[in-house]
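Visitor: I am new to this structure. Please take one part and look at it closely, then show me what lies around it.

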Amino acid sequence: MKLPKQQQNAQEPIWQNKKKSDLKVALCFLLPSLIGVMVFIFIPFIDVIRRSFFGAMSGEFVGLKNYATIFQNDAFKLAGGNTLKFTLICIPLLVIASLGLALLINAIGKKAQLFKMTFLLPMAIPVASVVLLWQVLFHQNGLLSRGIIALGGQRVDWMKTDWAFWILVASYLWRNIGYDMVLWLAGLSTISPAIYEAAKVDGASSWQQFTKITIPQLLPTLFTIVVLSLLNSFKVFREAYLIAGDYPHDSMYMLQHLFNNWFVSLDIDKLSAAATIVAGVILILILLLQRTWEGDED
Amino acid sequence: MKKHIYKLMVGLLIGATAFGVTGCSNNIAGEKSSVSQDIPMGRYIEETVDMPKEIKSLIDYKVNSDGTMEIHGYASGNQVVAYTSKDGKSWESKDATWLNDLISAGNQLSAITSNEKGEYYALYYNPDFKTRIGKLSEGNKVEEIPYEVDESSYISAIKVDEEGSIFVGMNNGVVRINEADGSVITEYSVTGTEGEVVVVDNQLMVIDAQRGGLVAFNLESGDEENFIPYEGTLWGSKLLSNDEGNVYIVNTEGVSRLAPGGSIWENVIESSTSSFGTPSLFVRQVAMKGNDEFSVAFDSVEGAYTLLNYHFDPNVPSRPTTEVNLYMLEDNRTIRQAVAEYQRQNQEVFINIQVGIQEGDTLTKADAIRTLNTQLLAGKGPDILVLDGLPIQSYMEKGVLLDMSDWVDGMRDSGKWLENITEAYRQEDGSIYALPTRFKVPTLWGNKELVNGVDSLEGLADWAKENPDKQVFYSMTPEELMKKLYGITAHEWMDETGQIKEDAFVTFIESINTLSGQGGADEAPSMNSSSSGMTIEFNDADDPAIQESIKNTLSTEYMAHKDVELHMTEVEAFMEIPYLNSAIMQRGDGDFGAVLAKDGGVYNPVGIVGINANSKNKDIASEIVKLAMSKEVQKVDLYEGFPIDKEALEEQAIINEDGMMAAMGMAIEKPIKMQPATQESYTKLKEQVDKLTIPAMTDEVLMNLIIEETKGYFNGEKTANEAAEAAAKRTRAYLAE
């Protein structure tokens, strides 16, 4: 015999009812954003993956031919290599530097507000202004060259030499260090001082406290910071593009340059295959990091 | 209660999102709009009227109140003739003795006009070169109206009304004079007028092109009462009015109407659907036929005249239902000519021209190409593509373009085209996806020993070293010289895959260095000119196009005076030859030829057209391309390059006996004695054209990369080998893509 609804509901614990109801409301609020992401990002990306198995305009199924083509493409190898090199250098540097800054500022306490603001300011500067700054500093007639001439050297157009890569790295670090520092500070603030006190009482040194308490407690924050830094590393293309155009010096030639140029020449098949690979690599990296974090948490 | 409010808010959010997503319509150009049931009807239809064949040059055209068309013009032998026609099908001769008598008396006729009463007036220069206005009176005599024109003024037009007032349009305003005694009745102050006036309801309407609008003056007092701005250029515009008080502006943008008391211009005839947009036609004179029909006499670049009547047909759709889209990265007059011609012959088709980069745009070429590619990828690109500046090779490889060999082969076999030019884009398998509609020829003018004896850049550089007291080219920076020679010589230092051959490239840049190092190249050319004692200043000195033009002229002058040995220029019309020929004649030991014509010579294809393989209007697109390549369009010299139609080229290569005048030229520093054009020079250039075989390299990206990497060499910071290595390395990524 079926119980009336009221009695049915009465069978379930109240907290489960509330959880279901909250879930429904939450889903409803998430739905518009989800629809937007689906329509403008996810579904188009599925289309990109689909296009990577077809000819650019013919619509002819070519299997893995596009993937094979891009791995043999010198431009892809150069751009991919530069992007990988940039990521492998910048992420660890940024993480370590921003953590160091966060620890220092955390130690200073409330008096460190001015420093916090100073480090955050570069992120607020528009890209076009940053590009202007680069020109003033690194152009062959810029301040750096003038300084070198004053010391008896020859002027250099820094953006057209191998130094261009390191300028890009420096710019990335300069713009993002404040942001990551704030994230670290947020992570640090969640660590209970009682743990440090207990450790002190047990005779733990500063280094031991750092390695045994601070670092493990910051692992979730590390995951967030690494992922965000990785995604932000692709934004450095904006400065590189504004200052050096479609074809910058080889050391600065990134995947986005290549994708941009492939779109102009209608190489959509190669573009789709390369984009799929890049997305796949980033996804695997994030999942690996998440797994590592989960493993460490356990 | 809270739950209900939450649900309501969520529902509204979802609704708004769904509306926003579905509201974003995919309205990319190229998509034919679906034909709805309610198509707006009514549009002006164009009708060609055959002009009397005897008329070689138009003096005046009007339509009388009874609808009779009346033309005055010059026939052969400078005789003035006049014709009238009721229906435009046949013309009757009318007496024009009074004008011929006027001319025989030593006067020079400038214009004639008449009023509704049939009274005629003439504007002319008397034997003392004074401007005079005369009225045709009894006995076919011209009575001079005693109006003295100020020497600083120039009369551009005259108009008359029934009351005996004559409106005289001058460079500094309009005056109303009494025909009886020539006294000034009223003055109207306007600075940007060409004399176009109409009288509407006690107001005089005058076009002020400088201010950009129509000025309404009180007819009696001359006070300005109103100014109605007009968007678009007004220079060369004509003014009309009808009995209902509507005012019309007629120009290359079409016909726009201003209602009585209104301030908004309404476009009644668009240039895109009429001959007003034809690049080769200029509005010469206009007339109202009744209250809402127009009759327009067009002048063409070929010196011919076209008469077109426009009448409103309420039974045709306001816009043709068949729409064909054409895309060009930058404007091309030959294609516009073909489009206008096609639309005139097929008034049921509308060709929508999209220009990727308009004048004054800040959009880059790459951005414009990306926008186009987005359309192509969506399967909704334009039907016809003008491929100049677009990645032609990529489009061909990706199957974007339609293979036109089915009909192109027939044209090739008929021998109508210059095969050496039109076959530039023929593929190995016989397919052809792109056709150039015109071409330009890079040429050298000057020392005949160099023009005829040296066939490589290296040879020129060697000659320069052996003759250090002589300068080969007018002062040019290495970058300028490289830009001029890049397209012409690229096939020598680039292999088939586009990679730089370093050894050959070293030779190339060393030669550039030698040749550009001869003059003090970095200064901008002189901005003042003296010619016949007149000093001319160039106000737009910073405009690169003007700079380039000045340098070109100076280069010719220096070459003529043997201060430099050679002048290099890209010739795009036979009309350029007289000036250049005068320069080499003055030089004495001069000749000309295609630049470094070792392998037949290089040409620069322009107006390259292709058809979108996904086009739903392939037949119409093919017809338009065929028309663009036909003699009908090709014979019109639009200064965009030589025609690829053999007959059109041959006709242009023959000097017009009627127009065999000495070349006109304005000297900047060193005057050149102008000589009449010679048939020999025209024929020689035509013979060179027949031998051209190599299309110039037009890859701007590659050129800019090479220029950047070689700057260090020209500045003395790198050796030639280092520069070549750097250029090869820098271009590798681009070529590898």
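**Salt bridges and their surroundings**

Guide: Across all chains, the structure holds 45 salt bridges. The model is a predicted one.

B:R730 is buried, with a relative accessible area of 7%. The cut-off for buried is under 20%.

What does B:R730 meet? One partner is B:E708, and the closest N and O atoms of this salt bridge are 3.1 Å apart. B:E708 counts as partly exposed, at 29% relative accessibility.

B:E709 also forms a salt bridge with B:R730. Here the closest N and O atoms are 2.7 Å apart. B:E709 counts as buried, at 9% relative accessibility.

Which residues join these in one network? Salt bridges with shared partners connect A:D157, A:K160, B:E708, B:E709, B:K718 and B:R730.

Now a second salt bridge in chain B. The side chains of B:E148 and B:R132 meet, with 3.2 Å from N to O. B:R132 is in strand β8, residues 131-137 of chain B. B:E148 is in the loop between β9 (141-145) and β10 of chain B. They are 16 residues apart, and the pair links distant parts of the chain. Buried or exposed? B:E148 is exposed, with a relative accessible area of 56%. B:R132 counts as buried, at 9% relative accessibility.

The loop of B:E148 leads us to β10. Strand β10 of chain B belongs to an open sheet of four strands. The order is β10-β11-β12-β13, and the pairing is antiparallel. β10 (155-160) and β13 (184-188) of chain B are the edge strands, and each pairs on one side only. From one strand to the next, the twist averages 20°. β10 of chain B pairs with β11 of chain B, residues 165-170, over five bridges. In this pairing, B:K159 stands opposite B:F167 of β11.

Chain B has another open sheet of four strands. Its order is β1-β24-β23-β22, again with antiparallel pairing. Where are its edges? They are β1 (41-49) and β22 (281-289) of chain B. Each has a single partner strand, so one side of each is left without a neighbour in the sheet. Neighbouring strands are turned by 30° against each other on average, direction ignored. β1 pairs with β24 of chain B, residues 305-317, over eight bridges. B:T48 stands opposite B:L308 in β24 of chain B.

Next, a covered helix. Helix α13 of chain B, residues 577-587, has nine of its eleven residues buried. Among them are B:I577, B:P578, B:Y579, B:L580 and B:R587. What covers the buried residues? The cover includes β28 (435-447), α12 (544-560), β31 (566-571), β32 (590-594) and α17 (679-691) of chain B. After α13 comes B:G588, with a positive phi near 95°.

Chain A brings us to the surface. A nonpolar patch there is formed by A:L31, A:L34, A:V37, A:M38, A:V39, A:F40, A:I41, A:F42, A:I43 and A:I46. Together they have about 870 Å² of accessible area. A:L31 is found in helix α2 of chain A, residues 14-51. A:L31 counts as partly exposed, at 32% relative accessibility.

Last, step back to chain B as a whole. It has 19 helices and 35 strands. Of its 737 residues, 53% count as buried. The chain exposes about 33,900 Å², and carbon and sulfur atoms supply 47% of that. Among contacts in chain B with a separation of 6 or more, 60% come from residues 24 or more positions apart.

Note on methods:
Residues numbered from 1 in each chain as written. Chains lettered and ligands numbered in written order. Predicted model: local features only at pLDDT ≥ 70, side-chain atom pairs only at ≥ 80, totals over all residues. Heavy atoms only, no water. Patch = residues over 30% accessible without salt bridge, like charges linked within 9 Å, V, L, I, M, F, W, Y side chains within 5 Å. Areas by Shrake-Rupley, 256 points an atom, 1.4 Å probe, with all protein chains shown as cover. Salt bridge = Lys/Arg side-chain N within 4 Å of Asp/Glu carboxyl O. Helix = DSSP H or I, 4+ residues; strand = E, 2+ residues; numbered from the N terminus. Buried < 20%, exposed > 50% of the residue type's maximum accessible area, 1.4 Å probe, protein only. Contact = heavy atoms within 4.5 Å. Pairing = 2+ DSSP bridges. Axes fitted to C-alpha atoms, helices over the stretch in contact; angles between N-to-C directions.
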